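Here are a few exercises to work through with the model open beside you. Try each task before you read its solution.

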Amino acid sequence: MTKGRLAKYLARNRATDNNYLLKRDVSRAATGIFTTVLLFGLCFLILQPLLHQFSNSIMSRSDLFDPTVIAIPRNPTLDTYRLAARLMNYWGSLFNTAWITTLVSVLQIVACTLVAYGFARFEFPLKRFWFACVILTVLVPPQVIRAPMFLNFHFFDLFGLLPNTIMLTNRVEGYALLSATAMGLRNGLYIFMLRQYFRNMPKELEESAWVDGCGKLRTFVQIMLPDAVPMLVSCFLFAFVWQWTDGFYTTMFLREQGVMAVQMSALGETFSVDYVRQTSMATGTQGFRPDIALVEAMISTGVLIGIAPIIGIYLVAQRFFVESIGQSGIKM
Amino acid sequence: MNKQKGLSKQAVRFCLSDFLRQNRTPTMATKNAISGYLFILPFVVGFIMFLAYPLYQAVRMAFSEVWLVPEESRFGWAWSGLANIRRVLLTDAVFTRAMVEEIGSMALLVPAILVFSLFVAILLNRQFAGRGFVRAVFFLPVILASGVLVGIETNNSLLDAVSQQIQDQNAMRAGVTGVIERMLENFVGGAGMDEFFEYILEIINQIYKIAMASGIQILIFLAGLQTINPSIYEAASIEGATAWENFWKITFPMISPMILVVVVYSIIDFMVRTDSNVMDMVYTQMTLHSRYALGSAMALIYFSAVAVILGIVAFIISRLVYYYD
């Protein structure tokens, strides 16, 4: 059977010029193999640290110090997870992070959607100027204005309008205020993406709504928003996962709210302190600093459980991430 | 673009004429302008309060002395001329060097990110088995390389020292690339070639960093690739164009607007990443030493340097970009 097919294929090949068929198929197969090896190799490159962290996290102490154990632990254990969860106050942090992140992401996306629709569909004086300002918010890194931001929020008085200054640093309210005015983490980018998306939607829908006597806000909420749901979800998901791991606004506003980003970056020190205390209690001496391998395993574990929720979200809603920028019809 | 400009001028005229004939009911254009402003109001308020004003303050702080008055819960400042700037650029022993090094590695990495993400995007745009999985993995850095997760291991002082030691050992022992380097040196020689190979090998050594920094860039290129009309390729293949010609004559010009976007995004992203040395110094000045003015001056100097580079690069690329419509 296969022999017959091969013979037929060779006969067809002989009929073409210069072995064209055979050359074409061989080069196609070669490119296919090459790209597959390359792509999966690069995939491994990206996943390797995650796998390494995972295998570190389930190793027992004896495995960590055993030079013959490299990837697969001899005595797998969940002790590191238990300790990391205790040191990070995991469930409490998870709850705090979840509600704070959801709150600010929703505020950001609501604000950005309104602004983006305004830019996409209305003509008003100075429109180009204000849109240039949107681009400016994308380009100016918030780190540049860190000092005045911190001082303004630490002694917040709304340009001297309030009688007393309020301290808004280390408080969720401060960041909520930023989010509601579309100035949160990477909000310029969301405004840009949503504006592109609204611009590409057909105008006829709104025109017929207007003819039927529907107001501007109602048209926006009832006609435009339902069609924009996939894009809104994409932007919300980006806002959510980036907020989850953000360091900049977190250190300014959420340092004492026990959010995951703070717990993850502090875990190395927390663990060292805890270890010194434990050993000093056990031996009655000053205590020892933990070995480097232990700290590394601890940080790996902390990062893994810290980002587990957003990795889960990413795996479930991967489509929204991948299609987001394509959907917006981005063009410069 | 021209059409838009004309319309908004018209809108201004309408608004003014409405304003002059006060008792008339407002025209459609005025109503539109008002609702437009209502929609973008959050941004206008936020921009003035939390970007424009702080930016002005940051510039002022760079030329001032700033101190805290905790009893009265406010901060004070006084003009001090170029003192901060002089201190950062001339007195500070590490800052200028860190900044130059940072910009140097930016010049190394950004072109590499550009080539890598375009290459991967073209591969991912084809049909093959397991494409969903590969795509999911390549965009994982969007999460894995964000915020505090970048360099979380090196943030720990203890770990940092050890990893430095390991790197030094590796450099001594000269790993795989070291061997290749020596082979190439023997093989090719020549002064100019050496530097070229060093650049390539440096990039190969940093391939992980590059892959981790390319998530969004791949998405942008993929979006661009999908807007190219397939019938252009069909026509070209009927004319007998090879894949190589297809790339340089169709894909590359069609995607060139995206190159501008990607370069700008990569430069900004590289500049503000969490484990950037310069940003770390700014942060230390502000939080540990409460030297707000000095930190502001550092951030501003760094940002201006990057902005100048950004401007030059954007100008050069925008000359070369090809717009299809």
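**Exercise 1.** In which loop of chain A is the place of A:Ala182? Then describe its backbone and its surroundings.

Solution. Keep in mind that this is a predicted model.
- Step 1: A:Ala182 sits in the loop that links helix H8 (172-180) to helix H9 (187-199) of chain A.
- Step 2: Look at the backbone. Phi of A:Ala182 is near 60°, a positive value in a residue other than glycine. Most residues other than glycine have a negative phi.
- Step 3: Count the neighbours. A residue is buried if 20 or more other C-beta atoms lie within 10 Å of its own. A:Ala182 has 31 of them, so it is buried.

**Exercise 2.** Is A:Arg186 buried or exposed?

Solution. 
- Step 1: Find A:Arg186 in the loop between H8 and H9 of chain A.
- Step 2: A:Arg186 has 20 C-beta neighbours inside 10 Å, and therefore counts as buried.
- Step 3: Check the backbone too: phi of A:Arg186 is positive, about 55°, although the residue is not a glycine.

**Exercise 3.** Check the length of helix H2 (residues 28-62) of chain B, and look for a kink.

Solution. 
- Step 1: The expected span is 1.5 Å times one less than the number of residues.

**Exercise 4.** Which residues of the largest nonpolar core touch the most other members?

Solution. 
- Step 1: The core has 157 residues, and those that touch the most other members are A:Cys112, A:Val115, A:Leu194, A:Cys235 and B:Met298.
- Step 2: Helix H5 (residues 90-121) of chain A gives the most to this core, with 12 residues.
- Step 3: Zoom in on A:Cys235. Leaving out residues up to four places away in sequence, A:Cys235 touches A:Ile109, A:Cys112, A:Tyr190, A:Met193 and A:Leu194.

**Exercise 5.** How many residues does each chain give to the contact between chains A and B?

Solution. 
- Step 1: Chain A gives 70 residues and chain B gives 76 residues.
- Step 2: On the side of chain A, helix H15 (residues 292-316) supplies the largest share, nine residues.
- Step 3: Sorted by class, that side of chain A has 49 nonpolar, 14 polar and seven charged residues.

Key. Residues numbered from 1 in each chain as written. Chains lettered and ligands numbered in written order. Predicted model: local features only at pLDDT ≥ 70, side-chain atom pairs only at ≥ 80, totals over all residues. Helix = DSSP H or I, 4+ residues; strand = E, 2+ residues; numbered from the N terminus. Bend = angle between axes of the 7 residues up to and from the residue. Contact = placed C-beta atoms within 7 Å. Nonpolar A, V, L, I, M, F, W, Y, C, P; charged D, E, K, R; others polar. Core = buried A, V, L, I, M, F, W, Y, C linked by C-beta atoms within 7 Å. Buried ≥ 20, exposed ≤ 12 C-beta atoms within 10 Å, placed from the backbone.
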